[in-house]
Amino acid sequence: MQIEDLNAIAEKHIASRKKIIVRTCMSAGCMSSRADAIKANLEKAVIEQQLDADVEVRRVGCMGFCGQGPLVGIDGVKEKEILFEHIKPEDAEAIIASLKGMQTNLEIGDPDHPFFAKQTKIVRANGGIIDPEKIEDYIAVGGYEALHNALTEMQPAQVVDEVTKSGLRGRGGAGFPTGLKWGTVAKSPGAKKYIICNGDEGDPGAFMDRSVLESDPHLVLEGMAIAAYAVGSDQGFLYVRAEYPLAISRLQIAIKQAKALGLLGSGIFETPFNFNVDIRIGAGAFVCGEETALMMSVEGKRGTPRPRPPFPAESGLFGCPTLINNVESFANITAIIKKGGDWYAGIGTEKSKGTKVFALTGKIKNTGLIEVPMGIPLRQIVMEMGGGAPDGRQVKSVQTGGPSGGCIPAEFLDTPVDYESLMKLGSIMGSGGMVVMDDTTNMVEIAKFYMEFCKDESCGKCIPCRAGTTQMENLLNKIIARQATRRDLAKLEELCDMVKNTSLCGLGQTAPNPVLSTLKYFRNEYEELLQPDTFGPGVTAMK
Amino acid sequence: MSARTLTVDGKQISAEKGASVLQAATEAGIKIPTLCHLEGVYDVGACRLCLVEVKGVNKLLPACTTRVAEGMEVSTNSERLNKYRRMTLELLFAERNHVCAVCVANGHCELQTLAYSLGMDHVRYDYIFPKWDVDNTHRLFGMDHNRCILCTRCVRSCWHIEGAGTKNVAGRGTKSKIITDLNQPWGDSESCTECGKCVMSCPTGALFKKGSAVGESVRDRDKLEFIVNAREKKQWNA
């Protein structure tokens, strides 16, 4: 495979396209509403209405507007795309008939809706456009060019420099500078190095990585290959949770196709660079998203974290230097290599560069996936793109960062969304889950929900996380049952501090955050539930 | 072998390169509380009792897995650390059924000793009182999950000293459990070599040699009557 061959594949594929393309979202969300039947019926209708010379029905990944799904987009009829929303399999005939100018009563979306208009797409640029199961579709939009450029025109150190220049920070949540991480792994001595892509997305209400993997698997593979070249690795592992079967099957197809074309494997683009990717499937533990636990799991051991240092960059998978990045981090790489680190650094704020994908869920009108430039005010996301709370209710709070994050009250909606600003409010950027709550939500219940989640997902290795989350959940239950006193609340706060500061890994260290942030902004909701202190010390005597 | 100089609780000490802070402190006569640490097996940093403050590091670090560094300033005994340690012990006592009075390890239990030495004289959290079973199927040993603190010292000594790999951990969170082979009764284990290293490792009364439990120390009072009858009535049938 050389660049001429790649271009030939692209040209041939573009030439084979028909005039009108009917795109059917076949991501997990729309699939659950029978998108497969919709696509089959659309194909049938095209043949029945004798339009098969001009019309092709294409399977595509997530279009983003999940709340309006199943979605069908049509290109090549009007200047802008036509977007059909809430489509049922029986609507297929009418959709195809509309191509011939027939009127329909079907719900047609507005492509200029702020939900779409305010987005800046880098990671999700191909989402909902290309067929995730056809490598030719990816190549036709310029896929694997960045890998070619990196391998033939850049030294590994230049690739690291470009990523450093871009200012990209880890999209898994903590926001560690990606270029710095790559540089450290590149400089770590070792004959064998590994690349790991963390696709163990597990925060409640988060589905960003799922959509990227389901919609554009080659983008992630290409990012991993570029990373491998930059740090001197020849083996990658894609760790995906078993709950994402569609993502896994599309990745398997993608790896097979890339290998068949020589874009993965030995001597890629006729250079001495070799790179193979294997999939490892998580077995359902949230903690395996923590990097050291994830590596244990890849090694075939019980997925429990270990203390850091040593960091994976120095001693990771099988004791070798390991570069571990999140799906979205890898998905940003091809754009950075193609358009340059300076271009990427031009998007976003001073310290948070580029775009971020958010999964907008909860009590909000427009549920779905959005990709926005860093620094966009939270209000624009929630009120304009998301349309605010449904049923005439008020937005009370926005939860970011999942069980490690916090609840941001509505009065801070004008905060720009970047790593530092969210941290200042006691929440975190996290991986991109954004759960909106309306004024009917009880914040103590929310804190309890997340605490229960952390308790269930604690691996059990360290005592503060294992036994501390249990006691914190008990205290929250006691408060909710109106059986707690001021002393119990003090105990809860003391435990929050202790678990945060003494737990082994990020899960325990951040588990108190939902309690701490709701206590910070909604303390009155806790206090309203407290009972007066009873006589006596209220302590249990030890044996 | 190069040495590193560091300060622990204001005392200048030297340690071998690659030594843990715990080793360095112990050599210098400074005692740091530990529970999951066991000489002879590798450390996992799980119990969080040996957490120390290191100047310039904003997180607390486990002394057992942190390597010494030149010029490191370590504090092992602050009020904050001891408060966290007492809370850790309280959480452990509340988590399962640690009833010292009827425990095989009473008087030589590391958990009990730590509670005394750190001044944990009461538990402020609600006792969970979980129902855990006792595995008495093994010929020589028993395992009382009610006393287990999940330090995994038994698992590590079984894998890394004996090399049998009989013990392991199943489940997660507070439902984690030390298991034998594929979660079988210990007595049915084919990999167990009956070496007893797990029992030697256990800091509490979770693992014990049979015959040492309080319930097993029954008085044989019938024997007295038998002797009297034999002596006085010349009756030899029991």
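Me: What share of the contacts in chain A with a separation of 6 or more comes from residues 24 or more positions apart?
Reply: The share is 74%. Two residues count as in contact if their C-beta atoms, placed from the backbone, lie within 7 Å. In chain B, 61% of the contacts between residues at least 6 apart in sequence join residues at least 24 apart.

Me: What kind of model do these values come from?
Reply: This is a predicted model, in which local features need pLDDT of at least 70, side-chain atom pairs count only at pLDDT 80 or more, and totals for chains, interfaces and linings use all residues. Residues are numbered from 1 along each chain as its sequence is written, while chains are lettered from A and ligands numbered from 1 in the order in which they are written.

Me: Why is chain B called more spread out than a compact globule?
Reply: Chain B is built of six helices and eleven strands. Here helices (H or I, at least four residues) and strands (E, at least two) are DSSP runs, numbered from the N terminus. For the 238 residues of chain B the rule gives 18 Å, but the radius of gyration is 22 Å, well over that value, so the label holds. The C-alpha atoms of chain B fill a box of roughly 80 × 40 × 35 Å, taken along the principal axes.

Me: What makes two domains of chain B, and how far apart are their centres?
Reply: The bounds come from an automatic or database domain assignment, and they give domain 1 (3-77) and domain 2 (84-216). Their centres, taken over C-alpha atoms, are separated by 26 Å. Domain 1 of chain B puts 13 residues into the contact and domain 2 of chain B puts in 16. On the domain 1 side these are eleven nonpolar, one polar and one charged residues. The classes are nonpolar (Ala, Val, Leu, Ile, Met, Phe, Trp, Tyr, Cys and Pro), charged (Asp, Glu, Lys and Arg) and polar (the others, Gly among them).

Me: Which element gives the most to the side of chain B that touches chain A?
Reply: In this interface 33 residues of chain B are in contact with 29 residues of chain A. Both α2 (79-95) and β6 (122-123) of chain B supply at least two residues, and α2(B) gives the most, with seven. By class, the chain B side has 20 nonpolar, seven polar and six charged residues.

Me: Why is helix α14 of chain A called mostly covered?
Reply: A residue is buried if 20 or more other C-beta atoms lie within 10 Å of its own, exposed if 12 or fewer, and partly exposed in between, with C-beta atoms placed from the backbone. In α14 (residues 327-339) of chain A, eleven of 13 residues are buried, including V327(A), F330(A) and I337(A). Just after the helix, G340(A) has a positive phi of about 95 degrees.

Me: What covers the buried residues of α16(A)?
Reply: The buried residues of α16 (residues 378-385) of chain A are L378(A), R379(A), I381(A), V382(A) and M385(A). Their cover includes α5 (114-117), β10 (355-362) and β14 (433-438) of chain A.

Me: What makes β8 and β9 of chain A edge strands?
Reply: Two strands pair if DSSP finds at least two bridges between them. The open sheet β8-β7-β6-β9 (chain A) has parallel pairing. Within it, β8 (276-282) and β9 (322-326) of chain A each have a single partner strand, so one side of each is left without a neighbour in the sheet.

Me: How do you know that β6 and β7 of chain A pair?
Reply: Six bridges join β6 (residues 194-199) of chain A to β7 (residues 235-241) of chain A, and the cut-off is at least two, so they pair.

How values were computed: The radius of gyration is taken over C-alpha atoms; the globule rule is 2.2 Å times the number of residues to the power 0.38.
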